[in-house]
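Subject: Structure handover

Hello,

Here is the structure I promised to pass on. Please have a look at it first, then read my notes below.

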Amino acid sequence: MAKLYFKYGAMGSSKTAQALITKFNYEERNMKVWLIKPALDDRDGEKIIRSRIGLWAECDTVAPEDNILTQFAAHHTEADVIIADECQFFTEAHIDQLHQIVNDYNIPVMCFGLRTDFLCHLFPGSRRLFEVAESITEIKTICACGAKATINARLDAEMRVVTEGDQIMLGGNDRYVAMCHKCWQKRIKEQEKQK
């Protein structure tokens, strides 16, 4: 029985690398992979998924108005698995469409992404995955102090932790750092004292 999987972690936890390694594992066994990401994520190119360690692959993109179920039925019904990166940027409808593919076609869908934004608020796509995914796995990473990192701290040009702004701001190590909650709060308090 196929499942909808959600594999989440903080920034820098190698989610994309794991997605691309999973793709390789399927293809090594002569299985077909439909690799997708939200169109919003154009950091490495419109149709490229790239990890920090240098792995990359071409993919299809999904815009907010797109229907993934329709795209799949029209072009990808021979796929043995769907692998979705940056799934936190999908709409709730997209997640429901992916789940419908699992149910209707008995094809596993593996979603990789962030749980929360820089203020510890769930992204809509992630929230829906927590509600409906049959398998939820955390991909762990660590804070500079050695504790488990759960916060995606957004940094400004002076490397100060940002505590307001739009939920979505694309970036990698240049804008975000994974932190434990204790270090994140400590850094914010230190910044407030310096004002």
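Start with the largest cavity. Its lining is made up of Y8, G9, A10, R115, E138, A149, T150 and N152. The space inside comes to about 50 Å³. One cavity of 30 Å³ or more is counted. A cavity here is a set of points, on a 1 Å grid over the protein atoms alone, where a 1.4 Å probe fits but cannot get out; lining residues have an atom within 4 Å of a point. Grid points are joined across faces, edges and corners, and the volume is the space filled by probe spheres set on the points.

A word on the source. This is a predicted model, in which local features need pLDDT of at least 70 and side-chain atom pairs count only at pLDDT 80 or more, while totals for chains, interfaces and linings use all residues. Residues are numbered from 1 along each chain as its sequence is written, and side-chain values use heavy atoms, with hydrogens and water left out.

Next, the sheet. It is open, has six strands and pairs in parallel, in the order β5-β2-β6-β7-β1-β8. Strands (E, at least two residues) and helices (H or I, at least four) are DSSP runs, numbered from the N terminus. Two strands pair if DSSP finds at least two bridges between them. On average, neighbouring strands are turned by 20 degrees against each other, direction ignored.

Two of the cavity-lining residues, Y8 and E138, also meet in the sheet: E138 in β8 is the bridge partner of Y8. Four bridges join the parallel strands β1 and β8. α4 packs on the sheet and touches β1, β7 and β8; its direction makes about 125 degrees with that of β1. α2 lies across β2, β5 and β6, at about 150 degrees to β2. Axes are lines fitted to C-alpha atoms, for helices over the stretch in contact, and angles run from 0 to 180 degrees between N-to-C directions.

Now the inside. In soluble globular proteins, nonpolar side chains tend to be buried together. A nonpolar core is a set of buried Ala, Val, Leu, Ile, Met, Phe, Trp, Tyr and Cys residues joined through side-chain atoms within 4.5 Å. Buried means under 20% relative accessible area, exposed over 50%, partly exposed in between (1.4 Å probe, protein chains only). The largest core has 24 residues; L4, I36, F90, L98 and C111 touch the most other members. α3 gives the most to this core, with four residues. Another core, of 13 residues, lies apart and includes L20, I49, F112 and I139.

Last, some single residues. Contact means heavy atoms within 4.5 Å. Leaving aside neighbours within four places in sequence, F90 has contacts that include I36, V62, L98 and P124. T61 is in strand β5 and is buried at 13% relative accessibility. K23 is in helix α1 (residues 15-28). K23 counts as buried, at 16%. Q185, in helix α5 (residues 181-193), is partly exposed at 38%.

Best wishes

Terms used. On a 1 Å grid over the protein atoms alone, a cavity is a set of points where a 1.4 Å probe fits but cannot get out, and a pocket is an open set with protein on both sides within 12 Å along at least five of seven lines; lining residues have an atom within 4 Å of a point.
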